[in-house]
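Subject: Handover of a structure and findings

Dear colleague,

Please find below the structure that I am handing over to you. My findings follow it.

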Amino acid sequence: EKLEELYDIPVGATTTGLPPGVFYRVRATYKYTAEDEDELDFDSGEIIQVVEYDDPDEQEEGWLMGIKESTNQKGLFPANFTRPI
């Protein structure tokens, strides 16, 4: 399977000119407070780079693995708190 199929790149997401390993970027539309140590905290408006899970078996429906651009912190976050850019 191609990564694109595995990761369901959303329509409208920019996939060019990104750092290696980054599928696309999202902007947070709502604030999210991490509920677990492996999750990301972010404020509305922050940019997150969507990357591959370290372990694809951990992938959960509706969750993405990302790196917050402001801090380079990596963690899981709910996709519905963000939108592709």
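A salt bridge is a side-chain nitrogen of Lys or Arg within 4 Å of a carboxyl oxygen of Asp or Glu. The model is predicted, so local features are given only at pLDDT of at least 70 and side-chain atom pairs only at pLDDT 80 or more, while totals for chains, interfaces and linings use all residues. Residues are numbered from 1 along each chain as its sequence is written, and side-chain values use heavy atoms, with hydrogens and water left out.

Salt bridges

The structure holds 4 salt bridges. Side chains of opposite charge can pair when their charged atoms come close. Below, buried means under 20% relative accessible area, exposed means over 50%, and partly exposed lies in between (1.4 Å probe, protein chains only). Strands (E, at least two residues) and helices (H or I, at least four) are DSSP runs, numbered from the N terminus.

One of the salt bridges joins the side chains of Asp43 and Lys31, at 3.1 Å from N to O. Both residues lie in the loop between β1 (22-28) and β2 (47-51), so the pair ties together parts that are 12 residues apart in sequence. Asp43 is partly exposed, at 38% relative accessible area, whereas Lys31 is exposed at 53%.

Another salt bridge is formed by Lys68 and Glu46, whose closest N and O atoms are 3.9 Å apart. This pair links distant parts of the chain, since Lys68 belongs to strand β3 (residues 63-68) and Glu46 to the loop between β1 and β2, 22 residues apart. Lys68 is buried, with a relative accessible area of 7%, and Glu46 also counts as buried, at 17%.

Lys74 and Asp54 also meet through their side chains in a salt bridge, at 2.8 Å from N to O. Here Lys74 is in strand β4 (residues 74-78) and Asp54 in the loop between β2 and β3, 20 residues apart. Lys74 is partly exposed at 38% relative accessibility, and Asp54 is exposed at 62%.

Nonpolar cores

A nonpolar core is a set of buried Ala, Val, Leu, Ile, Met, Phe, Trp, Tyr and Cys residues joined through side-chain atoms within 4.5 Å. The largest one has 12 residues, among them Ala13, Phe23, Val26, Tyr32, Ile48, Leu64 and Phe77. β1 and β2 each supply at least two residues of this core, and β1 gives the largest share, 4 residues. A second, separate core has 6 residues, including Tyr53, Met65, Ile67 and Leu76.

Within the largest core, Tyr32 is in contact (heavy atoms within 4.5 Å) with Glu39, Leu40, Asp41, Phe42, Trp63, Pro78 and Phe81, leaving aside residues up to four places away in sequence.

Strand β1 and its partners

β1 is mostly covered, as 5 of its 7 residues are buried. Two strands pair if DSSP finds at least two bridges between them. β1 runs antiparallel to β2, with 5 bridges joining them; in this pairing, Arg25 stands opposite Gln49 in β2. β1 is also antiparallel to strand β5 (residues 82-84), to which 3 bridges join it, and Ala28 stands opposite Thr82 in β5.

A backbone detail

Which residue has a positive phi although it is not a glycine? It is Asn72, with a phi of about 60°. Asn72 lies in the loop between β3 and β4 and is exposed, with a relative accessible area of 60%.

Yours sincerely
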